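Okay, thanks for coming, everyone.

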Amino acid sequence: MKIESQGKTIYTASPISAEEAAVRLSDDKGFSWLACFANGRLIELSETLDCDSTLVPLTYSDEEGRRIYERSLRFVFLLAAERVLPSTGVRIEFSQGYGVYGYFKSIDVSDEQLHEIEREMRSIVDANLPFTKEIWSKDEAIGYFDSLGQKDKVQLLKYRPYRYFPIYRCGELCEYFYGAMLPSTGRLRAFSLVKEAPGFLLLSPSPLDASKPAPFIRREKNQRVFRESSRWCEILGCVNASDLNAMVISGKLRDFIRVNEALHDKQFASVADMAVKNGSRLILMAGPSSSGKTTSANRLCIHLRVCGLRPVLISMDDFYRDRDKLPLGENGHPDLETVEALDLPLLSSCLERLLAGETVDMPRFDFTVGKRSPETEKMHLSPDQPIVMEGIHALNPDLLKGYSGAKITRLFVSALTCLNLDDHNRIRTTDVRLMRRIVRDSRTRNTPVEETLRMWNSVRAGEDKWIFPYQENADVFINTALHYELPFLKRAAYPLLEAVPPASPYYVVARRLIKTLNYFVLAPEETASEIPPISILREFIGGNTLYE
């Protein structure tokens with residue numbers, strides 16, 4: 001067999017493991033490899049190569065590599081937790097920086113207990129225990145997890161349309177994960193476990209330095225909105241995928257949609273009341289891609305009107321500099337994400353003069369030619385007309401540096417998914433946002449799914465640099481996730497993702513999203529009539545009457 005990677009080639013007369021190939025093909029003896037791509041699919045290092053292969057290594061600098069690392073680290077944590085605090089039950093919920101938040105279901109874990117668990121984790125890592133993949137029948141898997149009292153996993157597996165499942169074994173523990181794993185625990189050298197009351201934060205390294213765990217940065221407002229949303233999931237009886245599936249099958253989805261939408265409406269009403277009470281003249285709204293910022297801004301304006309005001313929506317996009325005047329990014333192309341892409345002096349001047357009662361010639365940007373239009377629009381605001389402006393840089397302190405005029409309310413809008421697959425397997429908010437964007441790009445821009453997938457890493461890098469570092473500057477967080485949305489996104493996104501061919505460099509990402517959607521029962525088409533025309537979900541699946 002001929003096996004090659006990054007300009008190096010080896011020949012072998014018999015099958016070898018991908019891990020052995022990595023050792024022989026890489027300068028660092030395969031230490032940096034977490035998995036690899038070969039022949040159109042993701043290969044775990046424990047797998048055997050039995051044909052000619054061109055291997056593309058996955059390292060910690062790759063998103064898929066980091067997911068494999070975190071997934072394997074969660075297994076080590078669960079094994080250590082079961083040894084230290086048997087039968088207490090763990091739930092892993094959401095990401096916080098480069099860590100994941102979780103809690104023990106029957107106790108408030110103490111610092112000393114967490115220290116003991118971390119010591120046990122390091123012992124497991126030092127032992128270099130293998131993660132062994134086994135194929136179990138559906139009945140075997142259900143019987144095993146039922147015997148452990150893991151009803152969440154039992155219900156999840158019942159909805160899976162497959163007869164056999166890959167189960168991983170490490171030490172005395174067997175677990176069901178929905179993705180690839182490392183070959184053994186010895187590769188998990190960098191991590192830490194810290195108290196984050198009432199639970200804990202399991203920290204992985206940052207992509208910039210895989211040799212040590214990322215520092216713990218407390219984001220209290222982000223944490224608070226996640227917990228509040230998780231509490232509502234519990235109140236509504238929908239914390240895992242199987243709970244939502246049960247609602248779809250039992251015909252209770254319509255009522256669940258109504259409650260979700262009412263909760264959203266209550267958020268916007270509360271923000272409007274707060275803005276009126278504080279006398280806010282400028283409301284700035286930021287958030288990552290596909291969070292529903294445009295719909296959120298329009299819905300907030302509706303509630304401000306209910307409060308007796310006449311809000312004015314202003315687009316931050318109209319303050320872009322001409323394309324040929326933009327700073328260049330690392331790739332040599334104009335950087336559309338940087339705050340310097342905006343004409344900040346003009347933006348600040350226009351807002352200050354408007355709020356001072358002057359009549360202002362407002363710019364208009366023509367995206368068809370990449371330049372500011374020579375035509376402007378005169379604007380004058382009355383005292384009962386607050387400005388609502390949304391954009392990725394709305395919370396950046398450089399936006400209105402030195403401005404000390406009218407009262408400003410700052411909002412951070414994001415789709416913070418609190419629904420899990422089961423207690424140990426969360427659904428990443430970035431995956432839901434990506435599915436939203438795939439559906440919207442295809443529907444409104446006729447963008448091929450592979451093009452959306454190609455751009456996503458660049459979009460995420462821009463968010464990490466220009467959006468998330470400033471989210472705690474917000475006065476209020478608005479969670480735009482809808483706990484019922486995945487069965488509807490499945491109807492729209494599934495055929496688009498299925499069309500990605502195995503030869504595509506984005507095939508693995510497409511299959512990962514498909515695998516997530518496979519855990520959900522498809523929402524009956526007729527129940528879509530329950531989704532209001534001003535719902536945030538309508539921004540993506542269509543039918544939004546606010547601006548379409």
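This is a predicted model: local features need pLDDT of at least 70, side-chain atom pairs count only at pLDDT 80 or more; totals for chains, interfaces and linings use all residues.

Residues are numbered from 1 along each chain as its sequence is written, and side-chain values use heavy atoms, with hydrogens and water left out.

Back to Gln6. It isn't a glycine, yet its phi is positive, about 50°. You'll find Gln6 in the loop between β1 (2-5) and β2 (8-11); strands here are DSSP runs of E, at least two residues, helices are runs of H or I, at least four, and both are numbered from the N terminus. As a reminder, most residues other than glycine have a negative phi, and most peptide bonds are trans.

Ser87 is another one to look at: a residue other than glycine, with a positive phi near 65°. Ser87 sits in the loop between α2 (63-84) and β9 (90-96), and counts as exposed at 70% relative accessibility.

And where's the cis peptide bond? It runs from Ala197 to Pro198, with omega near 5°. Pro198 is in the loop between β14 (192-196) and β15 (199-203).

Okay, on to α10, residues 344-355. This helix has twelve residues and reaches 17 Å from first C-alpha to last, close to the 16 Å expected at 1.5 Å a residue; the expected span is 1.5 Å times one less than the number of residues. Which residues of α10 are buried? They're Leu344, Leu347, Ser348, Cys350, Leu351, Leu354 and Leu355. Looking down the axis of α10, those buried residues fall within an arc of 165°, so they line one face of the helix; the arc is that of the directions from the helix axis to the C-beta atoms. An α-helix has 3.6 residues a turn, so residues three or four places apart point the same way.

What does that buried set pack against? The partners are β18 (282-286), β19 (312-315), β20 (360-362), β23 (377-379) and β24 (387-390), with contact meaning heavy atoms within 4.5 Å.

Now the two ends of α10. Asp343 is in the loop between β19 and α10, and is buried, with a relative accessible area of 15%. Leaving aside neighbours within four places in sequence, Asp343 is in contact with Phe319, Arg321 and Arg372. Just after α10, Gly357 takes a positive phi of about 95°.

Last stop, a helix pair. The axes of α11 (residues 429-445) and α13 (residues 486-498) come within 9 Å and cross at roughly 65°; axes are lines fitted to C-alpha atoms, for helices over the stretch in contact, and angles run from 0 to 180 degrees between N-to-C directions. On the α11 side you've got Val432, Met435, Arg436, Ile438, Val439 and Ser442, meeting Leu486, Leu489, Ala492, Ala493, Leu496 and Leu497 in α13. The contact residues divide into ten nonpolar, one polar and one charged; Ala, Val, Leu, Ile, Met, Phe, Trp, Tyr, Cys and Pro count as nonpolar, Asp, Glu, Lys and Arg as charged, and the others, Gly among them, as polar.

Technical notes
Buried means under 20% relative accessible area, exposed over 50%, partly exposed in between (1.4 Å probe, protein chains only).
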